[in-house]
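Q: I'd like a close look at one part of this model, the place where two chains meet. Could you walk me through it?

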Amino acid sequence: MLPDATLADYALRLGDDSLVLGQRLSEWCGHAPMLEIDLALSNIALDLIGQASHFLKFAGRAEGRGRDADSFAFRRDALDFRNCLLVEQPNGDFAQTMARQFLFSNWQELLFAQLQHSANDTLADIARKAVKEVAYHAHFANEWMVRLGDGTEESRARTIAGLEWMWRFTGELFERDPALKPLVDAGVAVDVPSLRPDWEDRISRTLAEARLELPKPRRWVMGGRVGHHSEHLGHLLSEMQFLQRAYPGAMW
Amino acid sequence: MYTTELKERNQAVQGLSLEREDPERLAAFEARVAADDFIEPKDWMPEAYRKTLIRQISQHAHSESVGMLPEGNWITRAPNLRRKAILLAKVQDEGGHGLYLYAAAETLGITREEMIEALHSGRAKYSTIFNYPTLTWADIGAIGWLVDGAAIMNQVPLQRTSYGPYARAMVRICKEESFHQRQGYEIMMTLANGTDAQKRMAQDALDRWWWPSLMMFGPPDENSPNTAQSVRWRIKRETNDELRQKFVDVTVPQADALGLVVPDPKLKWNEERGHYDFGDIDWDEFYAVVRGEGPVAKERMTARVKAWEDGKWVRDAAAAHAEKRGMRIAAE
C-alpha cells in the first residue's frame, strides 16, 4: 500500500475516539454501582480497545513509517491525538458517563453503519464488525438515560448535569473537515454532517422517553481533530503511557 | 479468584447441632453425599450444611469482587493494547465469577444485598491475598501465575463439591482461571527475559507474593478443626496442607524455568517424600490479615463501600423507573 497521510490521519481519528473512550471506561472497572454495570462497562471498553487496535494498526500501514498500534497509543503526545473532545471528558458520576456514552455511541453507530460501505476494504471490514458492538453500546446507554432521566429526582438532576457537561462537545462530531474532502469524495470516509438528522432524531426520541429536554443550542467547543484537546487528555495519557515512557524500548 | 478457608469459618455453625436434625433425613442426606450425588436447592439439607455453604460461597463471591481491585489498579496503566485488553477481560471475568457465586449462594436463602452488607460491615471475610498491594506491573504477572495458580489448586476439587449450583459455578470458573494463570505466567516470562529493570520487577513480585500465596490454602490441617466435617460433606475434598504441597510442587519448577528465585532458603526437593520441603509460614501474619490488618485492607474495603454507596442513587433510580413503568403499563 502506498503511503497516504490523509488516510492515516482519518484512521487515527477513528482509532483515537475508540481508544480514549475505552481508556476512560476502563477507569470504572471494579467501582461501578453494581456488578452487572461493571461487567457491561468493561465489555464496552474491551470492544473499544479492540476497535482502536484495528484502526491504529491500519493507520500505521497507511502512514508507511513502520509505526504499529502501540506506538500510536503509547508514544504520541496530546498534540498528535485526533480524537474528538467528547470522549476524553472525565467520567464524573455514572450519569455523566452515560450521557457521554449516549451522545457518542449513537453517533458512532451511525458513522460505522456508513463506514462499512467504505471504498476502503480494511476500514469497511473493521466498521462491519464494530457496528454490531456499537449498536449494543448505544442500546445500553439509551436504556440508562431513560432509567436515570425517569427515575428519581436525584437521578434526573444528575442526568441533566451530565448532559450539560457533554453537550458543548457534540458539535465537533458533525464538523466537516476540508482536509478529508478527497477521502469523502472517493467514498472512503464518511461525510459526518450527513449524520446529524438521524442522530438528532435518535437523541430526541430517547430524551423524550427519559422525560428530559434537549440541551439548549450553544457555541460548540472544538479542536480535538487538530490536536487541540481539553486539559483532561494530558492526564489520561500520562497515566496510560506511563510504562512505555518510563522504560523506553522494553517489550511487555 | 478464590476463598481462603478461615479458622473461624464454622463458629456460627458449631452452635447448630446435628442432633436436632431428623435422624432419618440426615442419614439419607449423608448417604447421598457419600455416593457423590449432587444436593440441589430444593432438597432437604441439614441447617449446618446450609450455613457452612452460605459462608463459604459468599466468602468466595466477595473474594472475586474485592479481587477486581488489585488488578483493576493496573488496567489504565497496562503497557500495551494487547495487555490492556487481556487484563480488562480477566478482571471482568472475576466480576462474572462474583455474580454466579452470589447467585449460587442466593439459592440457599440469602440475598445479595445481605451478603454485601455483611462484607461491608466486616462480618463476612474474603481471601487474605487481596489485602496486599499491586506495586508494579510485574504484580499483575505474579497474581495470575501464583494467586490464580493457587486458586485453581483449590477450586478444581470444588467442581465435584456436593452442592450442585456451587459445583456447576466452579466448572465454569475453573476454565477461565486456567486462562488467567497462563496469561500471568506469560507476563512473568516476558519480564524475566526482558531488561534488567524488568527482571528486577519480576523477582521483586515473586518475593512479595510467594508467602501470601501459600497462605491462601488456609491454616495448617492441625489448626483446621472443621476440615473433617467439610470433607465428609464433600464441601471440601482435600485438606489445606495437601493442596499447599501440591501447589509448591507444581510452582517451584515454573520459577526455575523463569530463572527466578523462590524466597525460601529452606526450599529443597525431598527425594524420599517425592515432594519439596519448604520453610515455615508466618501464621501470625496470616491471622493478622484475617483480622483485617493486611497492608491495604482499609483501601480495599473503602473502595468497595464507596462504590456501593456512590451507586445507591443509580440502583434507586433503576428501581423507581421499573416501578413507574409497571404502573403505566397497568394503567393502560
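How many salt bridges does the rule find across the interface of chain A and chain B?

A: Keep in mind that this is a predicted model. The rule finds 3 salt bridges across the interface of chain A and chain B. One of them pairs B:Lys324 with A:Asp150, and there the closest N and O atoms sit 3.3 Å apart.

H2(A) gives the most, with 12 residues. Sorted by class, the side of chain A that touches chain B has 27 nonpolar, 11 polar and 11 charged residues.

As for the contact as a whole, 49 residues come from chain A and 45 residues from chain B. Together the two chains bury about 4,000 Å² between them, and 69% of that lies on carbon and sulfur atoms.

Now for the partner, chain B. It has 14 helices and 2 strands. Its radius of gyration is 21 Å, close to the 20 Å that the globule rule gives for 332 residues, so chain B is as compact as a globular protein of that length. Of those 332 residues in chain B, 58% are buried. Along its principal axes, the C-alpha trace of chain B spans about 70 × 55 × 30 Å.

Notes
Residues numbered from 1 in each chain as written. Chains lettered and ligands numbered in written order. Predicted model: local features only at pLDDT ≥ 70, side-chain atom pairs only at ≥ 80, totals over all residues. Heavy atoms only, no water. Contact = heavy atoms within 4.5 Å. Buried area = accessible area lost by both parts, 1.4 Å probe. Salt bridge = Lys/Arg side-chain N within 4 Å of Asp/Glu carboxyl O. Helix = DSSP H or I, 4+ residues; strand = E, 2+ residues; numbered from the N terminus. Nonpolar A, V, L, I, M, F, W, Y, C, P; charged D, E, K, R; others polar. Rg over C-alpha atoms; globule rule 2.2 N^0.38 Å. Buried < 20%, exposed > 50% of the residue type's maximum accessible area, 1.4 Å probe, protein only.
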